[in-house]
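The paragraphs below lead through this structure step by step. Please keep the sequence and the 3D view at hand while reading.

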Amino acid sequence: MALYRDISQAVGNTPMVGLPRLSPEGYELYLKLEGHNPTGSVKDRVAKALIDAAEAEGRLHPGSRVLEPTSGNTGIALAAICTARGYKLTVVLPENTSRERTELLEAYGVDIVTSPADEGSNGSVRVAREMAEADPDLVMPFQYGNPANPRTHAATTATEILADLPDVGALVAGLGTGGTLTGTGRRLKQDDPTRKVFAAEPEYGDLVYGLRNLDDGFVPPIFDEDVLDGRIKVDSEKALATTRRLLAEEGIFVGLSTGAAVHVARRIATPRRLPKGTKIAIISPDGGWKYLSTGAYQPGDPEAIVEELQDTLWA
Amino acid sequence: MSIEVRVPTVLRTHTDGEKRVTVEGATLAEAIDDLEARYPGLGDRLRDDEGNLARFVNVYVNDEDVRFLGGQQTELADGDQIAILPAVAGG
């Protein structure tokens, strides 16, 4: 194990574990457990990179207030690093995230501004941009547009995957900001252009897409779609089913977006797309802790759970 | 040849509120044309002025984004499902 000066140094170097029971015959699935980061998600990497970059650019000073739109994990990760480095934090959070995410942010003493449920994460981006424009003292790292986000995934996530699985043939990760896929995927392909990269995209219920005008959609500026070989949507029912199988068959307790990514990995593990014997690395963004209140892991009727779940931002 | 299309809430003004409608077509382009013929205005919302798929609309055939299949030339088979979803970010 290792000794670190403070919590911000303990980011990364997460374990990669095999999924022998859920790997389709002829393929090897491996799950990189980002829940092992200090605040329990892959976003610790991004938060550290965002704050390091803002400090390097001279944008942050003792007592500065950081502002960020987030569906939760980035906010929690920023809270820890801002605490350790003496910055205040305001997050703009859609009102339909899980209860645990809000409670953790409150525990960290973060100032929370909510954005409307029917605008999803796009709404939190809109509100945060308005706030940043109105107050020049706020420092908004903006994970959706900051090159430090994909850059840290290239430098750390991809490097760790290559160290653990030098002959990895494919990557599957969830699509949120696009930082994980763009940074990790690009680096893996630079190393070997025959590698394939697939996105698992969460598909929610009508509430989340609700009144969204198709003309004001938001595609994160850092997301480079060219890195992808496929993009597959996964609804709450399929994400829940695979999340439960990970728990029941592999003993791995993870969040819903991991279930979605593993679902996609199992779908692409066919000779039509990947040669037999391919090792597939899957990013597990977080553990299941923050989703207990959704009932996802309880023995109840999956249909009723899905009914609730599909209007909550679970990725 | 019967293809089911999932219509997002914001476009259901074109379908009398129907969430799922049925169209025909051997390719996605034909299916969108048929969608436009049956529900005037709906097919056009999916394309930009040059006839390409609109930037902020994601179209899926059997859960796969068609940009990584054959785009509008993606071939369809009986029973395929098309879904139209607005682009959403997360994080």
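The axes of helix α8 (residues 236-250) of chain A and helix α10 (residues 302-309) of chain A come within 9 Å and cross at roughly 120 degrees. The model is a predicted one. An angle counts as roughly perpendicular from 65 to 115 degrees and as roughly antiparallel over 145, and that makes α8(A) oblique to α10(A). The crossing of α8(A) past α10(A) is right-handed. On the side of α8(A), the residues in this contact are Ser236(A), Glu237(A) and Leu240(A). Helix α10(A) contributes Pro302(A), Ile305(A), Val306(A) and Leu309(A). By class, the contact of α8(A) with α10(A) has 5 nonpolar, 1 polar and 1 charged residues.

Helix α8(A) also packs against helix α9 (residues 256-268) of chain A, at an angle of about 95 degrees and with the axes 7 Å apart. The two helices α8(A) and α9(A) are therefore roughly perpendicular to each other. From α8(A), the contact draws on Lys238(A), Ala239(A), Leu240(A), Thr242(A), Thr243(A) and Leu246(A). From α9(A) come Leu256(A), Thr258(A), Gly259(A), Ala260(A), Val262(A) and His263(A). The residues where α8(A) meets α9(A) divide into 6 nonpolar, 5 polar and 1 charged. Leu240(A) is part of the contact with α9(A) and part of the contact with α10(A).

Another helix pair in chain A is formed by α1 (residues 43-56) and α2 (residues 73-85), whose axes come within 8 Å and cross at roughly 50 degrees. Helices α1(A) and α2(A) are therefore oblique to each other. In this pair, α1(A) passes α2(A) in a right-handed crossing. Lys43(A), Asp44(A), Val46(A), Ala47(A), Lys48(A) and Ile51(A) of α1(A) meet a set of α2(A) residues that includes Asn73(A), Ala77(A) and Arg85(A). The contact of α1(A) with α2(A) is made up of 6 nonpolar, 2 polar and 4 charged residues.

Next come the strands. Strands of a sheet pair through backbone hydrogen bonds, either parallel or antiparallel. Chain A has an open sheet of 4 strands, ordered β5-β4-β3-β6, in which the pairing is parallel. Strands β5 (111-115) and β6 (138-139) of chain A stand at the edges with a single partner strand each, so one side of each is left without a neighbour in the sheet. Strand β3 (residues 65-69) of chain A pairs with strand β4 (residues 88-94) of chain A over 5 bridges in the parallel sense. One bridge can be located by its residues: the partner of Arg65(A) in β4(A) is Lys88(A).

How is chain A divided into domains? Domain 1 covers 7-39 + 157-302, and domain 2 covers 55-139. Their C-alpha centres lie 24 Å apart. The contact between them takes 18 residues from domain 1 of chain A and 16 residues from domain 2 of chain A. On the side of domain 1 that touches domain 2, the residues divide into 10 nonpolar, 5 polar and 3 charged.

Chain A also has a contact with chain B, which takes 34 residues from chain A and 19 residues from chain B. Strands β3 (57-61), β4 (64-65) and β5 (81-86) of chain B each supply at least two residues of the side that touches chain A. That side of chain B divides into 12 nonpolar, 3 polar and 4 charged residues.

Notes. Residues numbered from 1 in each chain as written. Chains lettered and ligands numbered in written order. Predicted model: local features only at pLDDT ≥ 70, side-chain atom pairs only at ≥ 80, totals over all residues. Axes fitted to C-alpha atoms, helices over the stretch in contact; angles between N-to-C directions. Parallel < 35°, antiparallel > 145°, perpendicular 65-115°, else oblique. Left-handed = near helix turned anticlockwise from the far one by under 90°. Contact = placed C-beta atoms within 7 Å. Nonpolar A, V, L, I, M, F, W, Y, C, P; charged D, E, K, R; others polar. Pairing = 2+ DSSP bridges. Domains from an automatic or database assignment.
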